Amino acid sequence: MNPTNLKKTALFEEHKKLGGRLIDFGGWELPVQYSGVSDEHLACRTAAGLFDVSHMGEVLVEGGDAERFLYHLVSNDVSKIAIGMAQYSVLCQPDGGIIDDLIVYRRAEEKYLVCVNASNTEKDFAWMKKIHESERFACKLQNVSSDWSQIAIQGPKVEAIVQTLTRTKLSDIKGFRFIEDWIAGVPTITARTGYTGEDGFEIYVPWDEAPKVWCALLEKGAPFGIKPCGLGARDTLRLEVKYPLYGQELTSTTNPLEAGLGWAVKLEKSDFVGRDALIKIKEAGLKRRLVGFEMKGAGIPRTGYKLFDSAGTREIGFVTSGTQSPLTKKAIGIGYVEAPSAGMGNTFQVEIRANRIPAEIVPTPFYKRPS
Amino acid sequence: MNFPANLKYTKDHEWAKVEGNQITIGITDHAQSALGDIVFVELPKIGRELKVGETFGVVESIKAVSDLYAPVTGKVVAVNDATVSEPSLLNRDPHAGAWLIKIELTDPATTANLMEAAKYSAFVETLK
């Protein structure tokens, strides 16, 4: 691909100044790392990490039927969230397969912002429009992805850092809550959410104003040990807490129940796209489950590697994500395993090139932040 | 970026130190830098016969797996266990301490494919 065709976030020049190694990430030119994946990962676990996630997509849903539309569209129950609350949810096909996972923010009685995965934005928006037209919901859909930059600041020190830049009392914003206020003199939506397993915020900033907020956070965070983090650390951080990633754990051929997202699927709702199929899937019993495992021999599990039973005779699943944990140095993985073999403590073999290496299903998240 | 003149290089970003019939093989400074934090190395057993271009092992960073290719044809006569037990050595000392294997040449003509340092550094420039 011609690099000039890649989309750039408003922070592109900042990434270059910081020595970020830029790669093509689904059509976006973004840093995979700055100082190194391990170094950035540990900074986020012990102090603070700063991430440019401006590539994420945002859809505004506004109007009298906004709640009814979203209730019908996604798996979780948006009628349960008040203004200022956010909710994780899954966008399903009629057959229960996953189109995307997303977060719904209720900004006003009849106004929601839906944050979706960057690479799925066009697909999701087209799907939303199709559902919208099917019942002529009285609400407006707008793809506002180019209006919003997004900066994530994650780690045990972040509240103190962000507090230096806002008058809002941040300790009042609990998990999955947000406020619309100002940070570093810029109007923002600041949500206590994240994708790392740490405390932290995801901050929506008007597109062009991102450098102002980014630089202020880096400056105020410096005494606390903040580091800019690339896509590499973002992936290892989410893997250690077994947060699923669209394209790996979540695809059109996996359903949210086997992916361990049943908590965000409200089958008792009167209706939503995919509900009937998911009820049938649940009644029939899950065929496979997403598990976390740890290698018991030398080797690192990687996406697509096959899993065999402990006798090595039968294929029982596949790896969706794997790495060496920068924190514990253990080789860890996530994968789908047929239900009868998916019990805690169960052992199996991972096919790594010509070898079969033993592994054991362990409790997840692999990492839990100290409370 | 460091390109020692006493080494020869391949387009797969490996170096080869030619001492008579014995060739020491490693990955280049450019390779370790591009890979990032290296956390796993898999190397062949002593005695294995390798043909030029054949995959002989892997180097893995936190993010990715990279194959290693035999730069010449020959037999493996030594393996660096220090690199296997401490893969991060490849990030710190790729051109010396973190060598990977030594090969005894069985087809000396295959060394003709190797590049001089100046040519390799020019090749790396074209990748930027």
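## Contact between the chains

In this predicted model, three salt bridges are counted between chain B and chain A. The contact involves 14 residues of chain B and 20 residues of chain A. About 1200 Å² is buried between chain B and chain A, and carbon and sulfur atoms account for 48% of that area. On the chain B side, the residues that lose the most area to chain A are B:Phe40, B:Ile62 and B:Lys63, which together make up 45% of what that side buries.

A:Arg353 takes part in salt bridges with two glutamates of chain B. With B:Glu42 the N to O distance is 3.1 Å; with B:Glu60 the closest N and O atoms are 3.3 Å apart. B:Glu60 belongs to strand β6 of chain B, while A:Arg353 sits in the loop between β18 (347-352) and β19 (355-361) of chain A, so this pair joins two chains. B:Glu60 has a relative accessible area of 0% and is therefore buried. A:Arg353, at 29%, is partly exposed.

## The three-stranded sheet of chain B

Strand β6 of chain B is part of an open sheet of three strands in the order β4-β6-β7, paired antiparallel. Its edge strands are β4 (38-42) and β7 (65-69), each of which pairs on one side only. From one strand to the next the twist averages 25°.

Strand β6(B), residues 55-61, is joined to β7(B) by five bridges, and the two run antiparallel. Across this pairing, B:Gly57 stands opposite B:Leu68.

## The six-stranded sheet of chain B

Chain B also has an open sheet of six strands, in the order β1-β2-β3-β9-β8-β5 and with antiparallel pairing. The strands at its edges are β1 (8-9) and β5, and each pairs on one side only.

Strand β8(B), residues 73-79, has five of its seven residues buried, so this strand is largely enclosed by the rest of the structure. β8(B) pairs with β5(B), residues 49-50, over two antiparallel bridges, and B:Leu50 stands opposite B:Gly74 there. β8(B) also pairs with β9(B), residues 101-107, over six antiparallel bridges. In that pairing B:Gly74 faces B:Leu105, and B:Val79 has B:Ile101 as its bridge partner.

The side chains of B:Lys8 and B:Glu116 form a salt bridge, with an N to O distance of 2.6 Å. B:Glu116 is partly exposed at 42% relative accessibility, and B:Lys8 is partly exposed at 26%.

In soluble globular proteins, nonpolar side chains tend to be buried together. The largest nonpolar core here has 39 residues, and those touching the most other members are A:Phe51, A:Tyr88, A:Tyr105, A:Leu113, A:Tyr204, A:Leu250 and A:Leu278. Elements of chain A that each supply at least two residues include β5 (86-92), β6 (98-108), α7 (231-240) and β17 (331-338). β5(A) gives the most, with four residues. A second, separate core of 26 residues includes A:Val61, A:Val116, A:Phe125 and A:Ile131.

A:Phe51 lies in strand β3 (residues 48-52) of chain A and is buried, at 2% relative accessible area. Beyond its neighbours within four places in sequence, A:Phe51 has contacts that include A:Cys44, A:Ile151, A:Trp214, A:Arg234 and A:Leu237. A:Trp214 is 163 residues from A:Phe51 in sequence, yet their C-alpha atoms are 9.0 Å apart.

## Salt bridges overall

Over all chains the structure holds 31 salt bridges. One of them joins the side chains of A:Asp77 and A:Lys80 at 3.0 Å, N to O. A:Asp77 is buried, with 7% relative accessible area, whereas A:Lys80 is exposed at 61%. In chain A, salt bridges with shared partners also connect A:Glu294, A:Lys296, A:Lys330 and A:Glu360 into one network.

Terms used:
Residues are numbered from 1 along each chain as its sequence is written. Chains are lettered from A and ligands numbered from 1 in the order in which they are written. This is a predicted model: local features need pLDDT of at least 70, side-chain atom pairs count only at pLDDT 80 or more; totals for chains, interfaces and linings use all residues. Side-chain values use heavy atoms; hydrogens and water are left out. Two strands pair if DSSP finds at least two bridges between them. Axes are lines fitted to C-alpha atoms, for helices over the stretch in contact, and angles run from 0 to 180 degrees between N-to-C directions. A nonpolar core is a set of buried Ala, Val, Leu, Ile, Met, Phe, Trp, Tyr and Cys residues joined through side-chain atoms within 4.5 Å. Buried means under 20% relative accessible area, exposed over 50%, partly exposed in between (1.4 Å probe, protein chains only). Contact means heavy atoms within 4.5 Å. Buried area is the accessible area (1.4 Å probe) that two parts lose on being put together, summed over both. A salt bridge is a side-chain nitrogen of Lys or Arg within 4 Å of a carboxyl oxygen of Asp or Glu.
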